Amino acid sequence: MRITLTVNGARHDVDDVWEGESLLYALRERMGLPGSKNACEQGECGSCTVYLDGLPVCSCLVAAGQAQGREVTTVEGLADGERLHPVQQAFVECGAVQCGFCTPGLIVSTHDLLEHNARPSDPEIREALAGNLCRCTGYEKILDAVRTAARTLSAEQP
Amino acid sequence: MDFLAPTTWADALAAKAEHPDALPVAGGTDVMVEINFDHARPPALLDLTRLPVLREWARDGGRIRLGAGVTYARVIDELGATLPGLAMASRTVGSPQIRNRGTVGGNLGSASPAGDSHPALLAADTTVEVASVRGVRLLPIGEFFTGVKRSALAPDELIAAVLITPPSGPQQYCKIGTRNAMVIAVSAFGFALHPDRRGVGTGIGSAAPTPRRAPAAEEFLAGELEAAGLWDSRGALPDGLAREFGHRVRDAASPIDDVRGTAAYRLASLSVMARRAATWAWDAHRSAACGPSDEDPPVRMHP
Ligand SMILES: Cc1cc2nc3c(=O)[nH]c(=O)nc-3n(C[C@H](O)[C@H](O)[C@H](O)COP(=O)(O)OP(=O)(O)OC[C@H]3O[C@@H](n4cnc5c(N)ncnc54)[C@H](O)[C@@H]3O)c2cc1C
Ligand code: FES
Ligand code: FES
């Protein structure tokens, strides 16, 4: 089937979508957007997190057909051209990335957290990132990155 | 595979009647796992996310009519104070991403013995509204679950809503898991005090082939509170009463050993959760006499 949706602000017409396929598959394999990662396909790891109509969801658990006419923002849509979003910059600076599989999902979840809560406490960060697993870094550097991003963003908008 | 995406409730019911094999998909948090892992290959998917009516909740007489497509995140945000037991259960589901998609109707559709909404809905005496082109049926929630992952839903029916009376007293939800997030319950317990009718509601999760109530325990506790005049006096619970209630809840369960835990652990934990839930709820009921509080009750996770 054909689906039409908006991804990172641009309209996409996608053909030959299998009715049972996930939005994650369609993004990666049909729209050339491999930022969202496929690490479990069962909602456990959060590597595939994208915004769907403004809400962070596991794109592996959304049927591509359910995204017909909807707005999706992936990790690729957060940067401003070559200029990284402060959340992305903070992950780089804090060394919160090793293999990088979990990173796109963590960045989308962190982006959403900081949109709603500019100065989250550590328990709030842990709660917000409870659906994102990292198997390499250990979470200390990830927490550092979230705190750093929170500081940068609040400094930008006092 | 076909992909059916009705935009009106009448079209959805017609589609289900015409394609009884079509698998409804709401949040997809159960369905898509099955499809991704090749465990399900339905001839068609019936997308329910284009039906605004399923995403609504409203007051309906004295009750809340909660559309089957309302997500856990919205139950927490919009109904935390109105349906505290269900909101507490919702906070324990999966992760933020899962709560943004997963729905109460999908939880019922899967009818897992471990579904977190079920003990809360059982304790609150919920009615499930199911519909087909043949008409609407109102099922007491206790009759909805018929076996492991089986429900009373007919092949041509969809779940429209659940009808819940906002509580006249405190509610509690307790869940045992290995982590504070992303866990299927090892065992779970929902509790409601109904001071208006001097009753008690219970719901047991993950400790029987279906979610179920503990009717003998409910009658016991309500009767003891009556006999001691406590419904009127709001006095302290007599020594041992909550413990005995916990034992009776435990006796209503029939768990199995599985990868998440042993039957013996499930029984022991149920008895502890039921004792604590009853104690916390009764204490809240006693302090509520000093004036209403519109704060959300805290979620308690164990251990
Ligand atoms: C990572 C992860 C963690 C999870 N954690 C928990 C947890 O902690 N607690 C818990 O209880 N569950 C958990 N789940 C399971 C799942 O999220 C819940 O069961 C959720 O409520 C399913 O809702 P949904 O809208 O996503 O259902 P879907 O997957 O869309 O559907 C589930 C079933 O219900 C049927 N269905 C859906 N809506 C209707 C309707 N209106 N009428 C008729 N049939 C319908 C579908 O056909 C399907 O059989 C988890 C799942 C994942 C992937
Ligand atoms: S790939 Fe979607 S949650 Fe792991
Ligand atoms: S950096 Fe490898 S999984 Fe997180």
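Reader: By class, what residues make up the shell around ligand 1?

Author: This is a predicted model. The shell around ligand 1 holds 17 nonpolar, 15 polar and 5 charged residues.

Reader: Where does ligand 1 lie, and which residues are closest?

Author: Ligand 1 sits between chains A and B. In total, 37 residues surround ligand 1. The closest are Pro24(B), Thr29(B), Tyr72(B), Thr103(B) and Asp116(B).

Reader: Which polar atoms lie by the oxygen and nitrogen atoms of ligand 1?

Author: Take pairs of N or O atoms within 3.5 Å. A polar side-chain atom of Tyr72(B) is 2.6 Å from an oxygen atom of ligand 1. A backbone N or O atom of Gly106(B) is 3.3 Å from an oxygen atom of the ligand. For a nitrogen atom of ligand 1, look to Asp116(B): a polar side-chain atom lies 2.6 Å away.

Reader: How much of ligand 1 does the protein bury?

Author: Alone, ligand 1 exposes 980 Å², and the protein buries 92% of that.

Reader: Which element gives the largest share of the shell?

Author: Helix 6 of chain B, with 5 residues. Elements giving two or more residues include strand 2 (23-25) and strand 10 (158-164) of chain B.

Reader: Now the sheet. How do I read the strand order?

Author: Strands of a sheet pair through backbone hydrogen bonds, either parallel or antiparallel. In chain B, 5 strands form an open sheet, ordered 4-5-10-6-7, with antiparallel pairing. Strand 4 (57-60) and strand 7 (135-140) of chain B each have a single partner strand, so one side of each lacks a neighbour in the sheet. The twist averages 25 degrees from one strand to the next.

Reader: Which residue stands opposite Trp57(B)?

Author: Leu66(B), in strand 5 of chain B. Strands 4 and 5 of chain B pair over 4 bridges.

Terms used
Residues are numbered from 1 along each chain as its sequence is written. Chains are lettered from A and ligands numbered from 1 in the order in which they are written. This is a predicted model: local features need pLDDT of at least 70, side-chain atom pairs count only at pLDDT 80 or more; totals for chains, interfaces and linings use all residues. Side-chain values use heavy atoms; hydrogens and water are left out. A residue is near a molecule or strand if one of its heavy atoms lies within 4 Å of it. A polar contact is a pair of N or O atoms within 3.5 Å; within protein, one must be able to donate a hydrogen and the other to accept it, and residues adjacent in sequence count only if both atoms are side-chain atoms. Accessible areas come from the Shrake-Rupley method with a 1.4 Å probe; for residues, only the protein chains shown count as cover. Ala, Val, Leu, Ile, Met, Phe, Trp, Tyr, Cys and Pro count as nonpolar, Asp, Glu, Lys and Arg as charged, and the others, Gly among them, as polar. Two strands pair if DSSP finds at least two bridges between them. Axes are lines fitted to C-alpha atoms, for helices over the stretch in contact, and angles run from 0 to 180 degrees between N-to-C directions.
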